[in-house]
Amino acid sequence: MKKAIVVITLSTKPTKLINKLNIQFSNYEIFSIIIRNESIDEKILELKNKNINNIIVLPLFVYAGVICNKAINDIKKYNNCFDIKILKPIINNKNDFDEINKILGNSNTIYCIHRSNIDFKMFGNSLIWQTGNDTSIVNKLKGIKAVNIKALMISTGYHFQNDVLNILKPALEKNGIRANVEYNGLADNDEIMDLIVRRIVNE
């Protein structure tokens with residue numbers, strides 16, 4: 001039986017994760033699908049042509065938003081062609097977030113996420129800022145003199161850099177709060193990529 005792990009991402013190939021998967025799962029072929037540039041249907045056909053019949057699908061998204069769910073549904077169309085196991089995104093509940101927060105966070109961390117209709121309860125009392133123009137998060141920082149701004153994103157692109165540097169950071173500094181910006185996304189973090197590999201092993 002030929003087996004494969006398929007990593008689905010939006011716009012960036014997760015090289016660090018792919019390398020770790022190649023080491024940990026040497027009996028699997030490792031594929032990535034960058035859905036902004038590549039067709040899921042064409043990639044699945046490639047797997048079929050390689051006579052692969054067992055697939056583990058890893059949607060490398062922080063949480064299950066619209067794009068993630070569409071990609072998963074596109075994969076499910078091929079249930080009759082393969083033995084498919086679809087894993088969950090990185091954060092699905094508060095326990096998942098707590099694992100990530102333990103690696104990334106401290107008491108004065110603001111996590112930046114893309115705008116999305118998600119259940120914020122899974123973030124507990126952590127400071128969460130959605131990219132955009134709303135700077136009301138400053139009102140939650142009374143008495144705090146400095147914060148770390150971190151991306152709760154797979155990679156940091158235009159929205160993170162533009163919105164943080166031109167909207168959030170100036171609003172914080174205007175209120176006397178020093179802001180240290182960390183530009184790495186989750187895909188750049190070895191500990192988080194190791195966590196994802198462990199989750200696959202434990203499935």
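## Parallel sheet and overall build of a predicted chain

Four strands form an open sheet in the order β2-β1-β3-β4, with parallel pairing. Its edge strands are β2 (29-34) and β4 (83-86), each of which pairs on one side only. From one strand to the next, the twist averages 20°. Strands here are DSSP runs of E with at least two residues, helices are runs of H or I with at least four residues, and both are numbered from the N terminus. Two strands count as paired if DSSP finds at least two bridges between them.

The model is predicted: local features need pLDDT of at least 70 and side-chain atom pairs count only at pLDDT 80 or more, while totals for chains, interfaces and linings use all residues. Residues are numbered from 1 along each chain as its sequence is written, and side-chain values use heavy atoms, with hydrogens and water left out.

Strand β1 (residues 3-9) runs parallel to β2 and is joined to it by 6 bridges. Ile8 stands opposite Ile33 in β2. Helix α1 (residues 15-24) lies across β1, β2 and β3 (54-59), and runs at about 160° to β2. Such angles run from 0 to 180 degrees between N-to-C directions, with axes fitted to C-alpha atoms, for helices over the stretch in contact.

Lys20 lies in helix α1. Is this lysine buried or exposed? Lys20 counts as buried because its relative accessibility is 19%; buried means under 20% relative accessible area, exposed over 50%, and partly exposed in between (1.4 Å probe, protein chains only). Leaving aside residues up to four places away in sequence, Lys20 touches Asp190, Met193, Asp194 and Val197. A contact means heavy atoms within 4.5 Å.

For the chain as a whole, there are 6 helices and 8 strands. Along the sequence they follow the pattern β-α-β-α-β-α-β-α-β-β-β-α-β-α. The C-alpha atoms fill a box of roughly 60 × 25 × 25 Å, taken along the principal axes.

| Quantity | Value |
|---|---|
| Buried residues, of the 203 residues of the chain | 47% |
| Contacts joining residues at least 24 apart, among those between residues at least 6 apart in sequence | 72% |
| Carbon and sulfur share of the accessible surface of about 10900 Å² | 44% |

Accessible areas come from the Shrake-Rupley method with a 1.4 Å probe; for residues, only the protein chains shown count as cover.

The chain has 27 positive and 20 negative charges, and their mean positions are 3 Å apart. Lys and Arg count as positive and Asp and Glu as negative, with His and the chain ends not counted. Each charge is placed at NZ of Lys, CZ of Arg, CG of Asp or CD of Glu.
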